[in-house]
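Please read them with the structure open.

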Amino acid sequence: MTQSDREQLPALPDLHRHLDGSLRIETLQELAEPLGVTIPDELHFSPGMGLDAALGLFDVTLAVLQTPQAVERVAREISEDARAEGVTTLEIRYAPQQHHGAAMEEIVDASISGAQDRAGIILCGLYGDPPELFDRFLDIACTRPGVCAIDIAGGPHSGHDFRMDDYAPAFARARDLAIGRTVHAGEGRPPAEIRTAIEVLHAQRIGHGTTLLDDAEVTELVIEQEIVIEACPTSNWHTGAIAAVADHPLPRWLNLGIQACVNTDNTLFSQVNSSQEHRRALGIPGMTPAALRAAIACGHRAAFSR
Ligand SMILES: [Zn+2]
């Protein structure tokens with residue numbers, strides 16, 4: 001262990017943590033039993049599994065998270081777990097339209113109640129979802145300060161009825177309402193997606209963005225507009241967006257003056273917590289304690305939570 005590994009970490013931010021990928025395993029087991037939901041032996045991401053297989057794991061957790069009670073419990077436990085990991089700035093995200101045990105408003109209220117001012121809530125539409133869904137999110141967010149932002153998660157497929165451009169009116173409305181915008185983009189996919197997220201959807205933050213440096217112009221755009229990249233190194237390694245954590249572009253981003261922070265994405269599926277993720281980020285060749293401190297400061301500064 002090097003000197004820097006032993007260095008005490010300051011208070012941490014985690015701006016990109018999915019509710020349905022960050023349950024405690026005991027809670028998942030407890031919720032699954034009465035519902036007869038079978039938990040596969042391999043309920044975690046593994047290197048090179050691919051994004052589609054990774055996204056398939058959410059079917060298992062979603063099956064036990066349909067009711068407001070389950071959502072509230074898990075939001076509470078995630079907030080408690082993050083605090084224990086040293087996280088003081090937390091945002092939890094999920095797709096409330098995938099929880100059918102109550103009206104969407106009730107599901108969202110349950111997550112706000114579970115987080116109890118310890119975390120901002122980000123509502124995720126999924127690539128391909130109808131644009132009206134985002135308008136509904138905004139209606140919900142307008143009366144609930146606990147909801148701090150909207151996001152597009154999952155991944156685009158050729159069979160989808162809607163593309164990123166179709167969400168432009170809703171994201172423009174979010175900007176006018178001063179509701180935060182983040183988009184999963186460039187997660188192993190071409191960096192043009194990052195440009196669309198910024199120029200068409202007014203994204204202030206980008207989830208993943210691993211391919212950013214493949215395009216010098218998009219990189220310049222990110223720097224100029226001070227867009228924050230939510231790095232998730234362990235998740236990116238697992239889904240195959242990068243070949244190894246050591247290959248993550250985080251140190252190169254920070255060197256170029258790109259705003260970037262370190263996030264867990266899914267503590268259950270990636271079997272990682274925020275403290276571990278920050279230490280792992282520090283181990284990426286080219287990272288320094290000063291660079292890590294800059295990433296941590298960025299995460300606190302870039303929070304949407306009001
Ligand atoms: Zn994510």
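With which residue does E85 form a salt bridge, and how far apart are the closest N and O atoms?

1. E85 pairs with R17, and their closest N and O atoms are 2.7 Å apart. A salt bridge here is a side-chain nitrogen of Lys or Arg within 4 Å of a carboxyl oxygen of Asp or Glu. The two residues are 68 apart in the chain: E85 sits in the loop between α5 (68–84) and β2 (87–94), R17 in strand β1 (residues 12–18). Helices (H or I, at least four residues) and strands (E, at least two) are DSSP runs, numbered from the N terminus. Both E85 and R17 are buried; buried means under 20% relative accessible area, exposed over 50%, and partly exposed in between (1.4 Å probe, protein chains only).

2. A word on the basis of these values. The model is predicted, so local features need pLDDT of at least 70 and side-chain atom pairs count only at pLDDT 80 or more, while totals for chains, interfaces and linings use all residues. Residues are numbered from 1 along each chain as its sequence is written, and side-chain values use heavy atoms, with hydrogens and water left out.

3. The structure holds 21 salt bridges. One of them joins the side chains of E30 and R73, at 3.1 Å from N to O. Because E30 is in helix α2 (residues 25–35) and R73 in helix α5, the pair ties together parts that are 43 residues apart in sequence. R73 is buried, at a relative accessible area of 19%.

4. D109 and R144 also meet through their side chains in a salt bridge, at 2.6 Å from N to O. D109 belongs to helix α6 (residues 104–115) and R144 to the loop between α7 (131–142) and β4 (147–153), 35 residues apart. D109 is partly exposed, with a relative accessible area of 34%, whereas R144 is buried at 17%. Elsewhere, salt bridges with shared partners join R24, E30, R73, R76, E77, E80 and D81 into one network.

5. The zinc ion is coordinated by H16 (NE2), H18 (NE2), H184 (NE2) and D265 (OD), at 2.1 to 2.5 Å. Donors are N, O and S atoms within 2.8 Å of the metal (3.2 Å for Na, K and Ca); water is not among the atoms, so sites may look incomplete. The spacing of the donor residues in sequence is H-x1-H-x165-H-x80-D. Of these, H184 in strand β5 (residues 180–185) and D265 in the loop between β8 (259–262) and α13 (274–282) are 81 residues apart.

6. Why is the zinc arrangement irregular? The 4 donor atoms subtend angles of 81 to 170°, which makes it so. Four donors count as tetrahedral if all angles lie between 85 and 135 degrees; four count as square planar and six as octahedral if opposite donors are over 155 degrees apart and all others between 65 and 115; anything else is irregular.

7. Two backbone angles deserve a look. D265 has a positive phi of about 70° although it is not a glycine, and D265 counts as buried at 3% relative accessibility. A178, in the loop between α8 (168–176) and β5, has a phi near 60°, also positive in a residue other than glycine. A178 counts as exposed, at 57% relative accessibility.

8. The buried residues of α14 are A291, L292, A295, I296, C298 and G299.
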